[in-house]
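Please look through the sequence and the model shown here before reading on.

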Amino acid sequence: MRRGIAATALVAALAVSATACGGDNGGESGGKSAGGELSGTVTWWDTSTVGSEDKVFKKIAEDFTKLHPEVKVNYVNVPFGEAQNKFKNAAQAGSGAPDVIRSEVAWTPEFADLGYLAPLDGTSALKDEKDFLPQAAASTRYDGKTYAVPQVIDSMGVFYNKKIFKEAGVEVPTTIDELKTVAAAIKDKTGKTGLYLRGDDAYWFLSFLYGEGGDLVDAEKKQVTVDGGAGVKAMKVVKDLVDSKAAITDATNGWDNMQASFKDGKVAMMINGPWAVTDTYAGAEFADRSNLGIAPVPAGSAGQGAPQGGHNLAVYAGSGNLEASYAFTEYMTSAETQAKVAKELSLLPTRNSVYSQPGVASNEIVGFFRPVVDKAVERPWIPETGSLFAPLQTEYTKVLTGQTTPENGAKATAEEYRKLLKDWK
Amino acid sequence: MAVDTSSQTVAKAAGESARGRSRRAGRPAGKLRRSLSTHWYAWAMVAPVTIVIAVIIGYPLLRGVYLSLTDATERNVARTIGVNEIPATYEFVGLDNYAAALSSSQFFDTLGWTVVWTVCCVGVTFVLGLVLANMLNRRIAGRSLYRMMIILPWAVPGFVSVFAWRFLYDERRGLLNQILGGAGIDAVPWLNDPTWAKLAVITVNVWLGVPFMMVALLGGLQSIPGELYEAAEMDGANAWQRFRNITLPGLRSVSTTVVLLSTIWTFNMFPVIFLLTRGGPGEATQILVTQAYRFSFEISPRDFAQSSTWGVLILVLLMLVAAAYRRALRKQGEVW
């Protein structure tokens with residue numbers, strides 16, 4: 001009998017541990033207390049650059065407690081490259097998802113389409129909607145509802161090391177042909193490489209594609225356009241930059257290598273956006289901030305074009321604390337917070353009114369990118385926009401490493417797109 | 001491994017009840033009751049393991065097979081987000097996914113590289129492990145220190161070693177290229193060139209796999225009686241003849257097992273590929289499991305059906321390999 005008791009105890013112990021696994025939810029209840037005061041915890045997944053931007057955002061986010069003393073802000077920095085998948089995993093499983101996520105513009109319609117985001121129309125998250133730049137607000141709407149609030153907007157430009165340019169006695173290139181001659185001159189005079197081209201992220205391919213007059217898809221005509229003449233030409237352009245040694249590239253670890261090479265003065269130029277500015281200033285070459293120059297991306301044969309990007313704040317539909325999450329979203333996208341972010345991190349505000357504020361108006365980086373953003377190419381805000389990069393990336397890397405030809409690369413990408421976008425041409 | 005343990009236990013229990021039956025033949029109705037009343041305790045002890053295995057292995061396996069027969073993606077599976085409950089809308093499509101996978105060049109290209117990867121890794125690991133085991137089986141000064149050092153890669157968590165290798169391999173700032181640069185050799189694009197990347201991932205996997213191989217073979221070597229070598233020496237056999245005719249046959253039972261295990265592990269060696277190259281550059285180092293993972297977690301919308309299809313195909317392939325291997329061994333008179 002004693003052994004029988006032991007067996008029973010074992011079974012009971014198993015049962016207890018099995019139920020314990022399932023009891024993870026419901027710990028975070030929050031809302032409004034009797035006095036109408038917000039309470040509970042708001043978990044925010046930020047995706048800003050680690051080591052530079054994240055410190056500022058953490059402080060600003062935690063300052064929310066000053067306005068609402070009973071709310072605790074749980075700041076979590078999730079690396080940008082992992083955030084989309086991590087959020088999908090958590091949101092679908094229904095546990096472990098944050099209350100508020102910093103959602104890249106292309107992710108937002110996708111998350112909304114999957115039902116992961118709470119509609120924000122008529123909530124306290126949206127304030128002074130008219131103040132938002134129209135192109136920033138465009139990505140937050142899906143199917144007639146607003147699912148996010150624009151936090152920052154951005155585009156891309158050429159970052160260059162003024163010292164190296166002076167040594168080589170060259171001017172900033174405005175076209176891709178000039179880029180090649182400038183890179184050759186820099187190599188000749190200083191032994192350094194002209195450009196770092198990111199080969200492991202297809203976002204960096206877009207300005208070359210737009211420069212040749214191409215695009216990934218034409219949403220109005222429901223047409224896949226990446227395999228058109230411009231797409232093939234753009235693939236040839238990037239391949240030629242690498243083959244002619246005007247640019248170096250990597251198939252892995254591109255971000256870190258790009259930043260390190262540029263910050264240490266091993267390459268003279270990189271194509272990048274405002275999100276890289278604070279990190280770049282931390283480099284040895286840019287201890288004197290005026291050494292960093294920024295210019296529009298070099299034009300291709302059809303003109304000059306850079307993608308419009310940015311980030312929104314969205315609220316998870318399954319959040320246990322919607323009221324506080326709305327308030328937090330409003331706080332993080334308010335004119336006051338945006339001004340602070342613009343001054344400290346040189347990130348571009350999404351509110352018109354912020355640009356005229358002192359400290360923002362005088363910020364050189366913001367001043368440069370403002371007109372660039374106005375001219376930037378807007379992507380179609382369909383749920384599939386976030387899915388277009390994975391197939392392109394594979395083929396882009398294959399082209400750069402010589403595993404496929406530009407023609408076949410563009411064709412293979414288009415085939416994947418046509419599987420993704422049913423009934424498109 | 002867990003499956004083996006359970007089936008052994010179950011087989012044992014079944015064996016016992018079979019013995020019970022033979023004593024009281026001809027009463028099948030009472031068989032179950034009798035077996036239960038005699039062996040209830042054994043059944044009770046086996047039950048938790050059986051249940052846990054059914055939940056941990058059986059359910060996901062069946063679910064995977066089921067999903068592979070549907071068109072389930074991220075967009076049409078059931079999900080509950082807060083108060084919204086979105087019901088599943090995916091449909092049964094029969095064997096369409098298998099037809100698509102088996103008629104695509106992607107599957108066979110990936111399979112081809114997976115086979116090359118497995119054969120290279122297992123082959124090199126086995127040879128290196130055998131050489132090291134033989135060296136360390138002799139009486140040399142500091143033998144236990146060498147053994148310790150060679151086992152070290154095994155003691156370090158896999159992902160830590162892989163990350164360390166990734167830093168070493170970095171084309172611009174990695175230690176390997178800095179050493180080569182010091183010797184005046186051009187930087188090698190370890191992870192940026194398809195061919196180099198293939199060599200790089202195989203090297204890391206061999207580095208990780210040698211300790212296991214060596215320890216297993218060392219154990220096998222130590223179980224070979226020393227008298228055999230003495231007798232052979234008396235008969236005038238040289239070192240190679242002794243190795244060929246005593247060591248290799250003596251190791252056969254150990255080596256067949258480790259080669260099979262190693263093949264299965266390498267075929268499905270997810271962390272090395274995923275953490276080192278993510279299957280890149282392009283798809284150059286993508287093996288079947290990492291590609292299945294990619295379908296399920298990296299592309300969007302996530303294609304659960306295709307991922308499950310590849311998973312089931314991997315399982316079938318490995319079972320075929322194991323069966324063929326077993327048959328080949330049995331022909332040689334090995335009991336396995």
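Predicted model: local features only at pLDDT ≥ 70, side-chain atom pairs only at ≥ 80, totals over all residues.

## The model and the domains of chain A

Domain 1 of chain A is made up of residues 38-154 and 309-375, while domain 2 of chain A is made up of residues 157-307 and 388-420. Taken over C-alpha atoms, the centres of domain 1 and domain 2 of chain A are separated by 28 Å.

The two domains touch through 14 residues of domain 1 of chain A and 12 residues of domain 2 of chain A. On the side of domain 1 that touches domain 2, helix 15 of chain A, residues 364-375, gives the most, with four residues. By class, that side of domain 1 of chain A has seven nonpolar, five polar and two charged residues.

## A helix pair in chain A

Helix 2 of chain A (residues 53-62) and helix 14 of chain A (residues 335-345) have axes that come within 11 Å and cross at roughly 155°. An angle over 145 degrees counts as roughly antiparallel, and helix 2 and helix 14 of chain A are therefore roughly antiparallel to each other. Their crossing is right-handed.

From helix 2 of chain A, the residues that take part are Glu53(A), Val56(A) and Ile60(A), and they meet Thr337(A), Lys340(A), Val341(A), Glu344(A) and Leu345(A) in helix 14 of chain A. The residues of this contact between helix 2 and helix 14 of chain A divide into four nonpolar, one polar and three charged.

## Where chain B touches chain A

How many residues does the contact take from chain B and from chain A? The contact takes 30 residues from chain B and 30 residues from chain A. On the side of chain B that touches chain A, the elements that give two or more residues are helix 2 (29-67), strand 1 (79-81), strand 2 (84-86) and helix 12 (288-298) of chain B. Strand 1 of chain B gives the most to this side, with three residues. The residues on the side of chain B that touches chain A divide into 11 nonpolar, eight polar and 11 charged.

## Annotated spans of chain B

In an unreviewed entry, UniProt places the feature "transmembrane region" at residues 40-62, 111-133, 145-168, 199-221, 254-276 and 304-325 of chain B. Residues 145-168 of chain B are 92% helix and 0% strand, with end C-alpha atoms that lie 25 Å apart. For residues 254-276 of chain B, the span is 91% helix and 0% strand, and the end C-alpha atoms lie 31 Å apart.

The unreviewed UniProt entry also places the feature "domain: ABC transmembrane type-1" at residues 111-325 of chain B. Over residues 111-325 the chain is 77% helix and 0% strand, and the end C-alpha atoms are 19 Å apart.

## Two partners of helix 10 in chain B

Helix 4 of chain B (residues 105-136) and helix 10 of chain B (residues 239-267) have axes that come within 9 Å and cross at roughly 140°, and the two helices are therefore oblique to each other. The crossing of helix 4 and helix 10 of chain B is right-handed. Among the residues that make the contact are Thr114(B), Cys121(B) and Phe126(B) of helix 4 and Val259(B), Thr263(B) and Phe267(B) of helix 10. The residues of this contact divide into five nonpolar, six polar and no charged.

The axes of helix 8 of chain B (residues 194-222) and helix 10 of chain B come within 9 Å and cross at roughly 150°, and helix 8 and helix 10 are therefore roughly antiparallel to each other. Helix 8 of chain B passes helix 10 of chain B in a right-handed crossing. The contact includes Asn205(B), Gly209(B) and Met213(B) of helix 8 and Gly250(B), Val254(B) and Val258(B) of helix 10. Its residues divide into seven nonpolar, nine polar and no charged.

## Two backbone details

Most residues other than glycine have a negative phi, and most peptide bonds are trans. In chain B, a cis peptide bond joins Ser300(B) and Pro301(B), with omega about 0°, and Pro301(B) is placed in the loop between helix 12 and helix 13 (304-331) of chain B.

In chain A, Asp128(A) has a phi near 50°, a positive value in a residue other than glycine. Asp128(A) lies in the loop between helix 5 (107-113) and helix 6 (134-138) of chain A.

Definitions and conventions:
Residues numbered from 1 in each chain as written. Chains lettered and ligands numbered in written order. Axes fitted to C-alpha atoms, helices over the stretch in contact; angles between N-to-C directions. Parallel < 35°, antiparallel > 145°, perpendicular 65-115°, else oblique. Left-handed = near helix turned anticlockwise from the far one by under 90°. Contact = placed C-beta atoms within 7 Å. Nonpolar A, V, L, I, M, F, W, Y, C, P; charged D, E, K, R; others polar. UniProt positions renumbered as here; feature names shortened; annotations may be inferred. Domains from an automatic or database assignment.
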